[in-house]
Amino acid sequence: GQFCFFFLMIRRPPRSTQGVSSAASDVYKRQVSTQSTWGLNREMKQDNAKKVKKAVKKGVKAIRKHKVWTKVAFRRPKTKTELVKHKVKSVSYQKFQTYDKYAIIKHPLSSESAIRTIEDNNTLVFIVDMNANKNQIKTACEQLYSFKPVKVNTLIRPDGIKKAYVKVPKEQEALEIANKIGIMQFLIPSQKYQFLSLIHI
């Protein structure tokens, strides 16, 4: 009887296992996917742990590599600079331009050497502002005395006063311009007599 039962079990046709195999494959896939995600998470955690360990060991501020300069000259690199936009004005009143032609040319010089320069070189001599340049002196002479200077030379005296030699063009005479300016008012009597004789000549 036992032999017949064993033989029947062997000879019995197999049951349909399609549904069972599909369910088993789904379960297997889930297990594999969970294992793979778990493995990835584990790797990420390990990497983070290594980074934290390295940071604790070496410090958060790593040593920066500096550029090696091979040239003697160091040229500072140009960086972006922006204009400062103030929300509140630093000055509440309007500034007026007071540095005009009257501030540039203070007064004409009427010394003996200045008179000689007027006679010989057709050049006027003025005392000017210390900060005035040659272009400013030219424009001031044009505006004040109505002549266009050919050339302007300046010097600073030992007492700290700036003197300007203004060359008058050949078409005009420096003596006439000096007379119009009123340099005669600043002359002593002997110089005034010499000056008048020069004008009449």
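This tour moves from the whole chain to its sheet, then to the paired strands and the helices that contact them.

**Before selecting anything.** The model is predicted, so local features require pLDDT of at least 70, side-chain atom pairs count only at pLDDT 80 or more, and totals for chains, interfaces and linings use all residues. Residues are numbered from 1 along each chain as its sequence is written, and side-chain values use heavy atoms, with hydrogens and water left out.

**Whole chain.** Display the protein chain as a cartoon: seven helices and four strands are present. Followed from the N terminus, the order of elements is α-α-α-β-α-β-α-β-β-α-α. Of the 201 residues, 20% are buried, meaning under 20% relative accessible area with a 1.4 Å probe, protein chains only.

**The sheet.** Select the four strands next. They form an open sheet in the order β1-β2-β4-β3, with antiparallel pairing; two strands pair if DSSP finds at least two bridges between them. The edge strands, each pairing on one side only, are β1 (105–108) and β3. On average, neighbouring strands of this sheet are turned by 30° against each other, direction ignored.

**β3 and β4.** Select residues 151–156 and 162–167, which are β3 and β4; six bridges join these antiparallel strands. Step along the pairing: Lys 151 is opposite Lys 167, Asn 153 has Tyr 165 as its bridge partner, and Leu 155 is bridged to Lys 163. Five residues lie between the strands of this hairpin, and Gly 160 takes a positive phi near 90°.

**β2 and β4.** Move to the pairing of β4 with β2, also antiparallel and spanning six bridges. Centre on Tyr 165 in β4, which has Val 125 opposite and is also the bridge partner of Asn 153.

Axes here are lines fitted to C-alpha atoms, for helices over the stretch in contact, and angles run from 0 to 180 degrees between N-to-C directions. Finally, select α5, residues 134–145, which lies across β1, β2, β3 and β4 and runs at about 120° to β3.

How values were computed:
Helix = DSSP H or I, 4+ residues; strand = E, 2+ residues; numbered from the N terminus. Contact = heavy atoms within 4.5 Å. Buried < 20%, exposed > 50% of the residue type's maximum accessible area, 1.4 Å probe, protein only.
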